[in-house]
Amino acid sequence: MHVFYTPNIGTSNELPEEEALHCVRTLRLGIGDEITLTDGKGCFYKAQITLSTNKRCLFSINETIFQEPLWPCHIHIAMAPTKNMDRNEWLAEKATEIGIDELSFLNCRFSERKTIKTERVEKIIISAMKQSLKARLPKLNEMMDFNRFIAQEFKGKKYIAHCHEGIKQPLKDLVKRGEDALVMIGPEGDFSKEEVKKAIECGFVPVSLGKSRLRTETAALVACHTLNLINQ
């Protein structure tokens, strides 16, 4: 089943240009063919193509299908992006497939990448949402300074995963089903000790993701998967 992302479905009966090109040129669908749409806000739509040209595709909606939330909480991962952009994109794709509500990028003291363009990451998230048959698009935030990020108000539990010595319980032992959760993952050089101290002062709980030493994007995915498993 091919799913097309139509964020303005409430005000327009036309596929966005990129989706229209994929529909009519790549898949060669035409007038009368049935397609499935999603607005990324919780609904699928069964529709029929009413106009098909080289660049445009119009449709009429036949049925609206509400998708019940697939997990009972808000899952938020905040990660210092890696120097290799492919790894950040991989994390965004796989986290969306597994299940995430919000993804943030952090500018930390030891960050190897100080800026990030979210346009391509957004496209990857949209593609992963459609591929995994989800009707809700995760929120993608612009990169933010670490100190500014931790000073924000967050609902639910807040965790920071780091490799420094100290008391840390496994994330899986602290998370409770149905609780909103935010997990911060540091850069390859880890959070600085000062950053960990500031985070704890702001209410973040230090956690462990296991005994293995993990790459940044792997740690972020492990955290995402752990939260999902507990909330199934």
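**Notebook: helices, rings and a pocket**

I began with helix α7: at 1.5 Å a residue its 15 residues should span 21 Å, and its end C-alpha atoms are 22 Å apart, which agrees. The expected span is 1.5 Å times one less than the number of residues. Helices here are DSSP runs of H or I with at least four residues, strands are runs of E with at least two, and both are numbered from the N terminus.

The model is predicted, so I note that local features need pLDDT of at least 70 and side-chain atom pairs count only at pLDDT 80 or more, while totals for chains, interfaces and linings use all residues. Residues are numbered from 1 along each chain as its sequence is written, and side-chain values use heavy atoms, with hydrogens and water left out.

**Entry: the chain**

I looked up the overall make-up. The chain has seven helices and twelve strands. Its C-alpha trace spans about 65 × 35 × 30 Å along the principal axes. Buried residues make up 46% of the 232 residues; buried means under 20% relative accessible area, exposed means over 50%, and partly exposed lies in between, with a 1.4 Å probe and protein chains only. For contacts (heavy atoms within 4.5 Å), I took those between residues at least 6 apart in sequence, and 73% of them join residues at least 24 apart.

Which residues of α7 are buried? I list Thr216, Glu217, Ala219, Ala220, Leu221, Ala223, Cys224, Thr226, Leu227 and Asn228. The buried residues of α7 pack against β5 (75–79), α2, α5 (171–174) and β11.

I then turned to α3 (residues 118–131). This helix has 14 residues and reaches 20 Å from its first C-alpha to its last, close to the 20 Å expected at 1.5 Å a residue. Its buried residues are Thr118, Val121, Ile124, Ile125, Ile126, Ala128, Met129 and Lys130. As a reminder, an α-helix has 3.6 residues a turn, so residues three or four places apart point the same way. What covers the buried residues of α3 includes β1 (3–5), α1 (17–26), β2 (34–38), α2 (85–98), β6 (102–107) and β7 (139–140).

Most residues other than glycine have a negative phi, and I looked for exceptions. Just after α3, Leu133 takes a positive phi of about 60°, although this residue is not a glycine. Leu133 is found in the loop between α3 and β7 and counts as partly exposed at 38% relative accessibility.

Lys134 lies in the loop between α3 and β7. Is Lys134 buried or exposed? At 8% relative accessibility it counts as buried. Leaving aside neighbours within four places in sequence, Lys134 is in contact with Thr38, Phe44, Gln67, Leu70, Trp71, Thr96, Glu97, Ile98, Gly99 and Met129. I also checked Lys134 against Arg28: they are 106 residues apart along the chain, and their C-alpha atoms are separated by 24 Å.

Asp190 is another non-glycine residue with a positive phi, near 70°. Asp190 lies in the loop between β11 (181–185) and α6, and counts as buried at 10% relative accessibility.

**Entry: aromatic rings**

I searched the whole structure and found three aromatic pairs. Phe149 and Phe154 have ring centres 5.1 Å apart and planes at 45°, so this pair is tilted. The rule covers rings of Phe, Tyr and Trp (its six-membered ring) with centres within 6.5 Å; planes under 30 degrees apart count as stacked, over 60 as edge-to-face and the rest as tilted. Phe149 is buried at 2% relative accessibility, whereas Phe154 is partly exposed at 21%.

Phe154 also pairs edge-to-face with Phe204, at 6.5 Å centre to centre and 75° between the planes. Phe154 lies in the loop between α4 (146–150) and β9 (157–161) and Phe204 in the loop between α6 (193–201) and β12 (205–208), so the pair ties together parts that are 50 residues apart in sequence. Phe204 is buried at 2% relative accessibility. Phe149, Phe154 and Phe204 form one aromatic cluster.

**Entry: the largest pocket**

How much space lies in the largest pocket? I noted about 380 Å³. The lining has 20 residues, of which His162, Cys163, Arg213, Leu214 and Ala219 lie nearest the centre of the pocket. β12 and α7 (216–230) are the elements that give two or more residues to this lining. A pocket is an open set of points on a 1 Å grid over the protein atoms alone where a 1.4 Å probe fits, with protein on both sides within 12 Å along at least five of seven lines; lining residues have an atom within 4 Å of a point. The volume is the space filled by probe spheres set on the points, which are joined across faces, edges and corners.
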